[in-house]
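Me: Please go through the architecture of the following model with me, one question at a time.

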Amino acid sequence: MNTSPYILWFTECDRSKQNSVGGKCANLGEMLQANVRVPPGFAVTTHAYRQFLNGRGIGDEIARMLDALDVDDIECAEETSRDIRQLMSATPIPPAIEDAICYAYEELCAECHVDDLPVAVRSSATAEDLPGASFAGQQETTLWVRSAPHVLIRTAICWSSLFTARAIAYRKEMGFPHDKVHMSVGVQKMANSRAAGVMFTLNPINGDRSKIAIDSSWGLGESVVSGVVTPDNYLVDKVTEGILQRTLSPKLIEYIPNHAEGKVEIADVPQERQTSSSLNDDEIINLTILAKCIEGYYHVPMDIEWGIDRDLEFPENVMLLQCRPETVWSSKPPTRVIQQSGTALDFVIANMLKGVRVK
Amino acid sequence: MSENNGSNRFPSPFNVPTPEGCEGWQDLYPYYYVFSDDRREFEDNRFWFQDAMHHPEPLYPFDTITCESWWVALGEMNTRVFIVPPALGIDHRVLNGYLYISALPVANPDDIPGRVAHFMERAGYYYRHWDELYAQWQAKAEEAINELKSVRVPDLPEMEPIETVTEGRGLTSAYDMIVAYNRAIENMHKMWHLHFEFLNLGYAAYLTFYGFCKQAFPGISDQTIAKLVSGIDVILFRPDEELKRLAQKAVDLGVADVFKQTVNPTQVVETMSASEAGGQWLQELEKSKDPWFYFSTGTGFYHLPRSWVDDMTVPTVAIRGYVEKIQEGKSIARPMEAVQQERDRLAREYEALLQTDEDKNAFREQLGLARTVFPYVENHNFYVEHWHHTVFWNKMREFGQVLVKHGFFNEVDDMFYLHRYEVQSALYDLIGAWGSGGEARGPKYWPSRIAKRKEIFANLKKWSPPPGLGEPPEVVTEPFTIMLWGITTESIQNWLKPAGNGEGAKLLTGFAGSPGTAQGPARVITSVEELALVEPGEILVCPITTPSWAPVFTRIQAVVTDIGGMMSHAAIVCREYGVPAVVGTGFGTKSFKTGQMLRVDGNAGTVQVVE
């Protein structure tokens, strides 16, 4: 368990910690509380951010610079933004905060059994989820960050992204005080999927909500999302979690991460894996449970990107990567089975008269 | 197999040759029960399919009484009692010893609306009063069984007892013989009328709910629908519960090790009798036997295989399995509460997935009716095919014994090579000779004929009947045809595929009978006696599983059967045990060999040889 005031693991986050970890990280915490597994990681708290500003005394200076700013003057805003961000990057992070971040990162590497684990470093501001206040420009994300020193550099860049010209202008326009928005930073394991894909919490072929439909292929999910392979398809009963259908396809290529170069590469799938199922039954059932938890969390049919991570062990490796509400069937009028209400006997007679076609 | 040439027709019953050595097979069956030129036009224009589920083997002449009984009883309930709107009954014919059946539709569609009105009144009455009528039924069924038990098969004494005179009886053992036989036969017909009193309506209600679920939740498995409806406290499981009780008693009394030494029932009883505790256990055994061991190890339709009460092999093997579990510290109790909770959860969650109030209401209505009718659907089997028929076949053996004694037969079971009308004649022959003091013809007449019939029967057994005859119809409306025999587009198409007998096949497909997957060595068995050979962890491959085999399931990993459909009597029990099963593979016992490694997928309905 972590005791540093500067770090909260995602597993420790929830909505009540929004002031400490920002909207994005609080949301990840909420998902975990709802049994929705996401790639592991931690938040550098807003407390760390404030310590950085106040401990080094640059907070007051930034406030003065902002007071002097005339937002209508675009050039002036750009200049002020540049000055503030230069000041921030020139200011060293206090050692206690540096230690806490480095320690947490090493712990994450250990958990995933990978040295210099590639992580995504993302900004997570406290006000970003407020209605009408998207604070464009704050969405700083860096992928493929490896090693503790790089995590520190990227953390500082996330902090300073609170002061891009656009973000400053936006807050002014919305009448939102600059010192009421704080920045947390999320550090999260990059997906390193052995198999990945997309699943819907309904059958996309007919809109049947009693099914989970899973598309899956080898490697990272890009192959499924972009449609360059015909994925394996599994149809699962949402209520019983029983696998109803398995349709396997030859999967000729896969996307795999190149850690050293920080990019994704296309590789040929060795023949013996091409026609074998990219998921085993336990993984299919675990994904089904994941899908049900996600749908339960959002209360609408969902379109979910998921991955089975190489670096973790089952079932910890089955995780949500991204999700959004399903739009095709959800926007149609509800499907109905019967057109007229009736008694059980009416239905029995109707059914008898229908019979079963045999050819 | 079928003489199929890619067309959509099965062979005409008039073009199927008589197998070698079976000439004269028609004499084993009544004139009305075989195809004939007299009705050729009618018979040739129908689709017939072989009832491999209930009658996979050629019919013993006497045993046609069960088929003939259900021919009348099923049909009349559709046709004359409840007036099922689009369907009449199911017609029967025997070809080369095998039973073929054909669903008869209402010929004129204009008649259907009028039939709907009658059906609403009549079936509506039964559905509304189901519970009270069913309670009444249970009493009627038990009464019928008691009537049959009370039939006394008389001996024919040298001289009638003196009471015949002193009580002025006027009637004799000869008369008693006629009465006893007729009563027993009448009783069989009665029981089969009762069998169908509720069953057609029960299936219709279940099928309606089934159809709704298939439409609302496309692809939902048959097992899940059955689970939604299944009762919790089902009489069909009671015999097995008794075995668990006996296993526990054996452990408690310290005599459980007897089952480690032997599963030969006679030896078990001998060993038990030797000790006081064993004696106590035997008393417990007696308590369980009536009625719970009146449980056929087959379908009950035939005089063979025998019931638990006649041959204790199956219960003994099963008790050993339970003893092993108890000694391993595993629970053998049925998790009733968990089953109940799971059933409620399934119903709640499926209903919640429906998107309109009308659909939710329809789901509740249909589920409610299906649950009302299902106890009958699940339980009638124990009363009729198991309990009653065990008594019936043994009662018939008593007549067989009389005829053996008087030289008509060499052995008791020769009886079953005679049709029931012939037995009636033989008994009359006997009492005629007894009464007159003359000589019966039977001892000269029957033994050679029975020997010939046994030959014919053995040859009929070797023959593979085509699954269908004539041209399949476009639509089947008869509820049994759909529910029990699973007659669908796929099944008929499968039958039409030119196929061999599956020998040496590496992959077989059947119905997904019970979910789950398993891998293990095959144990191919074709008779009940071989059940004792089954080793823990094996995959049981057999022609058909009947409920009474189920206790053996505790030792095995999976079940593969040649015959069976979605609601075959055994399927309910297979699912209950949570053992993966693929049923209706057609050729499992022919394709696989004992010891071969098999992979069974009870979700997909496939069985594969693992190389």
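**Sheets, helices and the interface**

Reply: To begin with chain A of this predicted model, five strands in the order β1-β2-β5-β3-β4 form an open sheet with antiparallel pairing.

Me: Which strands of chain A stand at the edges of this sheet?

Reply: The order of the open sheet in chain A is β1-β2-β5-β3-β4. An edge strand has a single partner, so one side of it is left without a neighbour in the sheet. The strands in that position are β1 (7–9) and β4 (141–145) of chain A.

Me: In β5(A), which residue is the bridge partner of A43(A)?

Reply: Strand β2 (residues 41–44) and strand β5 (residues 183–189) of chain A are joined by 4 bridges in the antiparallel sense. Within this pair, the partner of A43(A) in β5(A) is G186(A).

Me: Which strands of chain A does helix α6 lie across?

Reply: Helix α5 (residues 95–112) of chain A lies across β1, β2 and β5, at about 170 degrees to β2(A). Helix α6 (residues 148–160) of chain A runs at about 25 degrees to β3(A). The strands that α6(A) lies across are β2, β3 (119–125), β4 and β5 of chain A.

Me: How are α3(A) and α4(A) oriented to one another, roughly parallel or roughly antiparallel?

Reply: Helix α3 (residues 58–67) and helix α4 (residues 74–90) of chain A pack with their axes 10 Å apart, at an angle of about 175 degrees. Angles over 145 degrees count as roughly antiparallel. Therefore α3(A) and α4(A) are roughly antiparallel.

Me: How many nonpolar residues are in the contact of α3(A) with α4(A)?

Reply: On the α3(A) side stand I58(A), E61(A), I62(A), M65(A) and L66(A), which meet T80(A), D83(A), I84(A), L87(A) and M88(A) of α4(A). By class, 2 of the residues in this contact are charged, 1 is polar, and the number of nonpolar residues is 7.

Me: Which element gives the most to the side of chain A that touches chain B?

Reply: The two chains meet through 33 residues of chain A and 50 residues of chain B. Two or more residues on the chain A side come from each of β8 (232–237), β9 (243–247), α11 (344–354) and β14 (356–357) of chain A. By class, this side has 16 nonpolar, 10 polar and 7 charged residues. With 8 residues, the element that gives the most is α11(A).

Me: What radius of gyration does chain B have?

Reply: Chain B contains 20 helices and 13 strands, and its C-alpha trace spans about 80 × 70 × 55 Å along the principal axes. For 611 residues, a compact globule would have a radius near 25 Å. Chain B agrees with this, at 25 Å.

Me: What is the handedness of the crossing of α4(B) and α6(B), left-handed or right-handed?

Reply: Helix α4 (residues 130–149) and helix α6 (residues 173–216) of chain B pack at about 165 degrees, with their axes 10 Å apart. That angle makes α4(B) roughly antiparallel to α6(B). The crossing of α4(B) and α6(B) is left-handed.

Me: How are α6(B) and α15(B) oriented, roughly parallel or roughly antiparallel?

Reply: Residues A174(B), M177(B), Y181(B) and I185(B) of α6(B) meet a set in α15(B) that includes L427(B), I431(B) and W434(B). The angle between α6(B) and helix α15 (residues 420–436) of chain B is about 170 degrees, with the axes 9 Å apart. Therefore α6(B) and α15(B) are roughly antiparallel.

Me: Which are the edge strands of the sheet of 8 strands in chain B?

Reply: This open sheet has the order β6-β13-β12-β8-β9-β10-β11-β7, with mixed pairing. An edge strand pairs on one side only, and the edge strands are β6 (507–509) and β7 (511–514) of chain B.

Me: In the hairpin of β2(B) and β3(B), which residue takes a positive phi?

Reply: Strands β2 (residues 87–95) and β3 (residues 98–105) of chain B run antiparallel and are joined by 7 bridges. The hairpin has 2 residues between the strands, and the residue with a positive phi, near 50 degrees, is N96(B).

Definitions and conventions
Residues numbered from 1 in each chain as written. Chains lettered and ligands numbered in written order. Predicted model: local features only at pLDDT ≥ 70, side-chain atom pairs only at ≥ 80, totals over all residues. Contact = placed C-beta atoms within 7 Å. Nonpolar A, V, L, I, M, F, W, Y, C, P; charged D, E, K, R; others polar. Axes fitted to C-alpha atoms, helices over the stretch in contact; angles between N-to-C directions. Parallel < 35°, antiparallel > 145°, perpendicular 65-115°, else oblique. Left-handed = near helix turned anticlockwise from the far one by under 90°. Pairing = 2+ DSSP bridges. Rg over C-alpha atoms; globule rule 2.2 N^0.38 Å.
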